[in-house]
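Visitor: I have some questions ready. Shall we look at the model together?

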Amino acid sequence: MDWNAFLAFTRGPLFYASLLIFIAGMVYRLVQVAMLGWDKDQSVARGSKAGGVVKSFLKGILILPFIPWIKGAFQKRPIMYIAGGLFHLGLFTVIFLGTPHMLVWKSLLGFGWPTLALPFVDWLAVAAIIGMLVLIVYRRTDAVLRLLSGPAEYLNWLFVFLPMISGYIMTHHLFFRYEVAYSLHMLSVDWMLIWIPFSRISHFMFYFFSRTIRGVEWGKRAVTP
Amino acid sequence: MQAETAINLFVKKTGGWVASQLEACTRCGLCATACHYYEATGKPEFAPVWKVELLRRAYEQRFTLVGKAKVAMGIEKPISDDDIKEWSVYDFHGCSMCNKCSFVCPMGIDIASLIGAVRAGITAAGEAPAGLVKKTEVQLATGSPNGATREDYAAWFARTSKEMGKELPVDKKGAHTLLLLTNLEIAGFPNNLVAIAKILDAAKIDWTLSLEARDAFNMGTIIGNGKAMKQLADKVYNTAVDLGVKRVLVSCCGHGYTTLRDKLPNVMGKPLPFEVQHIAELMGVLVRDGKIKLQEGYFANGHTYTFHDSCKIQRAGGIMDEPRLVLRQLAGDSFHEMLPNRKEAICCGGGGGLRAIPEAYDIRMAAFGLKVDQIKKAGADTVVTTCSNCRLQFKEGFEHYKLDTQVTGLAELMSQAIVE
Ligand code: HEM
Ligand code: SF4
Ligand code: SF4
């Protein structure tokens, strides 16, 4: 098999096709939800809705264990906070602040930005991978998570895990020839992009809805969301 | 058949507001840490997100490609009649609609209102707990869920007038404030009326009671029957408009307050021509603005007080500072906080109609056990509340746990300490 040609395919046409499906799929999801309609709220506000939204997003980010409103839940389910937090932190660092990924963004958007040193990004990638492994074990062993998880949840995990592990294997030249590892990484990325709009991984988009709704609903009541 | 009715209702309830929140859930299970019924039972089915599962399934299967694909592939089943029966237990016996879980959800999903939609579907399908169905019927027929009639209220008002040595205003046209009581007070602590009357008089508020709109309770809200909710709330609306009042003042009732404040304007499709206020807020405002002077430390008398944050009045009503201001003046340092408190407080376990579901007695008392722990840790011998339903739950809970801890209402304390 001509791996170089395959790599060119997964990096080129397949990647752009996947990207298009991803964007079209997300737009479809957005439109589908928006088309369901929104009622205007007629009740009188006690507090500021805009202020509520700002606080809602701040609270969404401030998830460190020593913060009072996190403490209670953290003590009961620390694994979800630590492993989930490390996973997302690592994921975001790698795809936005790793040099190779920034270059992809640059080719798509036309502009780039400063990135972090490789060893730093590398450690966060390891943290993300370990986080994901912990999360899957937790999901299989915890009674609540088992109840909540069906095939879709496990596939989500797998289709996000594959790009991460293949990316790691590629950068560290493990097991496979470089162009093979690279092809597998691209293949899994392409597949993930296609999968996201049809799965719960699209939570990153609806996050902005739910946090905004929460801010409005509770800001209106003059309660910090 | 039942399932179909429920699904139709779910579909009707699903606007973008609901759908975008259902889509945001990552199924992380963190909301379980918030729920006192999950905590009390340890059953994963009582995790808040699981209580919304029926709605999620109905939404996905009806509106999304993924949902349709899941059914086609046999990964997920359409909602069945048995499902409706099963979830009736989770959503009615195991949820007080306390809203605490939404404060824990990392995605910020307003889980309780989604559970409200599930309740509505279950009710439409005829699987709401019999106790709640009965109370709804009784309230629609008599005006109060416990069957208290116009005559009962008239007798209570007359009795109280006699006791106070002054005629209480009833259906007085042009009054500024309409005071709305509850059947819980008439049955459990009729003296609350004396207390509130004293406070309103001391503040020189032009107020009135009504024999038309008598009960702030709204079984329609609790059971999730929109038509009943509107019918009961309409009564308040029409009376308030007839009397021409500027404000409807809700006495110690939580869901009655949020129904009138947050739900009624949306049912009407327009803002209300009057303000809706809870007595817990008014008490604090009167003291803060100097309209009423209290004898400071009147209750710093060897007892130790703690304040219970009710889900609908404090957490969902936002009225957390005002009652504390009053209690702080009354009890000074003998007022101790429970932990956690304010919007993170745990529910007493008796809200959301649970007190009217005999089958839920055990879980309700198990959840109350968490409250008992908190009270003990706060070192309090008296719990103060601004909600009559919580108050009854505390009373029954203390009896159940054979404790001699007391529970009382803030209005009753405040009315005794007013400086003329
Ligand atoms: C605004 C951005 C995002 C937010 C706020 C967010 C938030 C969350 C939260 C709160 C959870 C559940 C707890 C946890 O596991 O940490 C979660 C789970 C998850 N997220 Fe995200 N996320 C975001 C973006 C993403 C992206 C871009 C991806 C992947 C491409 C992703 C993949 C996942 C996966 C796979 C899980 C499930 C992990 C498990 O198996 O438990 N997330 N996310
Ligand atoms: S609203 Fe309260 S009782 Fe209901 S699921 Fe959430 S935490 Fe539990
Ligand atoms: S905490 Fe929120 S996101 Fe997590 S399972 Fe519960 S409802 Fe879903």
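Visitor: Which residues are around ligand 3?

Guide: This is a predicted model, in which local features need pLDDT of at least 70, side-chain atom pairs count only at pLDDT 80 or more, and totals for chains, interfaces and linings use all residues. Residues are numbered from 1 along each chain as its sequence is written, chains are lettered from A and ligands numbered from 1 in the order in which they are written, and side-chain values use heavy atoms, leaving out hydrogens and water. A residue counts as around a ligand if one of its heavy atoms lies within 4 Å of it. The residues are C25(B), T26(B), R27(B), C28(B), G29(B), L30(B), C31(B), V49(B), C105(B), P106(B), M107(B) and I111(B).

Visitor: By class, what does the shell around ligand 3 have?

Guide: Ala, Val, Leu, Ile, Met, Phe, Trp, Tyr, Cys and Pro count as nonpolar, Asp, Glu, Lys and Arg as charged, and the others, Gly among them, as polar. The shell of ligand 3 has nine nonpolar, two polar and one charged residues.

Visitor: Which residues come nearest to ligand 2?

Guide: By class, the ligand 2 shell has nine nonpolar, three polar and one charged residues. Of the 13 residues around ligand 2, the nearest are C35(B), C95(B), C98(B), N99(B) and C101(B).

Visitor: Is R324(B) buried or exposed?

Guide: R324(B) is found in helix 19 (residues 321-331) of chain B; helices are DSSP runs (H or I, at least four residues), numbered from the N terminus. Buried means under 20% relative accessible area, exposed over 50%, partly exposed in between (1.4 Å probe, protein chains only). R324(B) has a relative accessible area of 7%, so R324(B) is buried.

Visitor: Which residues is R324(B) in contact with, leaving aside its neighbours within four places in sequence?

Guide: Contact means heavy atoms within 4.5 Å. With those neighbours set aside, R324(B) touches F307(B), D309(B), F335(B), E337(B), N341(B) and R342(B).

Visitor: Which residues have the most contacts inside the largest nonpolar core?

Guide: A nonpolar core is a set of buried Ala, Val, Leu, Ile, Met, Phe, Trp, Tyr and Cys residues joined through side-chain atoms within 4.5 Å. The largest has 136 residues. Those with the most contacts inside this core are L55(B), V248(B), L260(B) and F394(B).

Visitor: How many helices does chain A have?

Guide: The C-alpha atoms of chain A fill a box of roughly 65 × 40 × 40 Å, taken along the principal axes. Buried residues make up 45% of its 225 residues. Chain A has zero strands, and its helices come to 11.

Key:
Helix = DSSP H or I, 4+ residues; strand = E, 2+ residues; numbered from the N terminus.
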